[in-house]
There are 2 protein chains.
Amino acid sequence: MKRNTWQREAVREALDHTEGFVSAQGLHSTLHATGSPIGLATVYRALADLAAAGDADSLQSPEGESLYRACSTNDHHHHLICRNCGLTVEIEADAVETWAKNVAAQNGFTQAAHVVDVFGLCAACTLASAAAAEPAPTPAS
Amino acid sequence: MKRNTWQREAVREALDHTEGFVSAQGLHSTLHATGSPIGLATVYRALADLAAAGDADSLQSPEGESLYRACSTNDHHHHLICRNCGLTVEIEADAVETWAKNVAAQNGFTQAAHVVDVFGLCAACTLASAAAAEPAPTPAS
DNA sequence: TCGCTTTTGACAATCATTATCAATAGCCGT
DNA sequence: ACGGCTATTGATAATGATTGTCAAAAGCGA
């Protein structure tokens with residue numbers, strides 16, 4: 001049976017109050033900062049439960065950490081993430097959803113889950129990056 | 001300066017001869033199996049170099065490991081991967097390519113890279129899984 | 001309220017990956 | 001072809017995130 005503990009509530013709430021993605025460790029830090037003496041392992045477990053229950057979305061940062069985000073809507077959507085500043089834009093992808101389902105079905109696959117995320121440089125970072133590249137275009141020794 | 005070592009060649013070749021994705025560790029094992037006394041750290045480095053040079057693609061499995069695949073063709077395609085037996089089916093996704101590009105552009109993003117992979121259970125594993133689930137469908141206590 | 005069961009939490013274990021650093025081997029200029 | 005400088009290698013330790021362990025504490029039903 002699933003019991004109702006303040007710890008789980010705390011994690012859920014902390015996640016709700018977070019915009020963008022947080023790592024389990026980050027969320028743990030946040031919770032500690034707000035005074036909760038919650039344990040790290042518990043945060044991991046709560047996060048995993050939340051994700052399993054569909055109340056949270058999880059993805060992996062390019063660095064390999066698992067990031068979580070509150071799933072405010074039932075709508076399944078994906079993200080466009082700036083690899084430099086972390087800006088996250090929610091994108092709808094009905095076309096992709098359908099495509100993924102079809103592709104899986106056509107190949108006899110079931111329980112299809114898809115990883116669809118677009119990483120890039122947002123407008124601001126594109127400019128910054130271009131500017132940073134200017135000063136030292138000479139790799140000569 | 002970039003030197004040319006047999007180790008790097010070995011990694012590149014091993015990757016070329018591998019269909020689907022391999023983890024760095026897996027590739028290391030494969031290399032050892034073929035007799036190369038190459039070191040694990042070196043495999044990681046070579047793989048990272050290859051990826052940085054655009055000669056290899058990398059993605060992360062749902063379990064958090066980094067998987068690599070040879071970028072043998074200019075054709076950009078994606079994969080449908082069986083999460084149970086590892087069967088990999090190459091899939092074309094022109095529609096997705098276009099979609100990803102558009103979405104990125106619409107949000108001012110540049111250098112868009114997308115991670116589009118579908119994980120699921122292949123037909124065979126679906127059957128096996130269903131069979132395994134049969135014996136105990138009653139969760140009652 | 002009582003008792004059983006789940007959950008917690010501190011810590012150890014695990015796993016992939018990266019850093020370290022001395023020894024080796026490539027490459028360049030002579 | 002040779003010497004020397006320096007990138008690369010590789011064994012191992014370090015790191016860092018995540019998961020397992022297990023006794024103690026708390027929640028929920030009776």
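Mentor: Gladly, and one definition comes before anything else: helices (H or I, at least four residues) and strands (E, at least two) are DSSP runs, numbered from the N terminus. Read that way, chain A follows the pattern α-β-α-α-β-β-β-β-α-β-α along its sequence, which comes to five helices and six strands. Please keep in mind that this is a predicted model, where local features need pLDDT of at least 70 and side-chain atom pairs count only at pLDDT 80 or more, while totals for chains, interfaces and linings use all residues. Residues are numbered from 1 along each chain as its sequence is written, chains are lettered from A and ligands numbered from 1 in the order in which they are written, and side-chain values use heavy atoms, with hydrogens and water left out.

Now to the meeting place itself. Strand β6 (residues 110-121) of chain A runs antiparallel to strand β6 (residues 110-121) of chain B, and nine bridges join them; two strands pair if DSSP finds at least two bridges between them. One place to look is A:Val115, whose bridge partner in β6(B) is B:Asp117. Within chain B, strand β4 (residues 78-82) runs parallel to β6(B), with four bridges between them. There, B:Cys82 stands opposite B:Gly120 of β6(B).

Next, look at the side chains. The largest nonpolar core has 32 residues, and those touching the most other members are A:Leu80, A:Trp99, A:Phe109, B:Leu80, B:Trp99 and B:Phe109. Such a core is a set of buried Ala, Val, Leu, Ile, Met, Phe, Trp, Tyr and Cys residues joined through side-chain atoms within 4.5 Å, and buried means under 20% relative accessible area (1.4 Å probe, protein chains only). The elements giving two or more residues to this core include β4 (78-82), α4 (94-106) and β6 of chain A, and β4, α4 (94-106) and β6 of chain B.

Follow A:Trp99 across to the other chain: among the residues that A:Trp99 touches are B:Ile91, B:Val96, B:Val116 and B:Val118, where contact means heavy atoms within 4.5 Å.

Finally, how do the chains relate? Chain B can be laid on chain A with an RMSD of 1.1 Å by a turn of 178° and a shift of 0.5 Å along the axis, superposing by least squares on the C-alpha atoms of residues with pLDDT of at least 70 in both. That is the relation of a two-fold axis. The same surface serves both copies, as 100% of the contact residues of chain B recur in chain A.

Conventions. Buried means under 20% relative accessible area, exposed over 50%, partly exposed in between (1.4 Å probe, protein chains only). Lists of a residue's contacts leave out its neighbours within four places in sequence.
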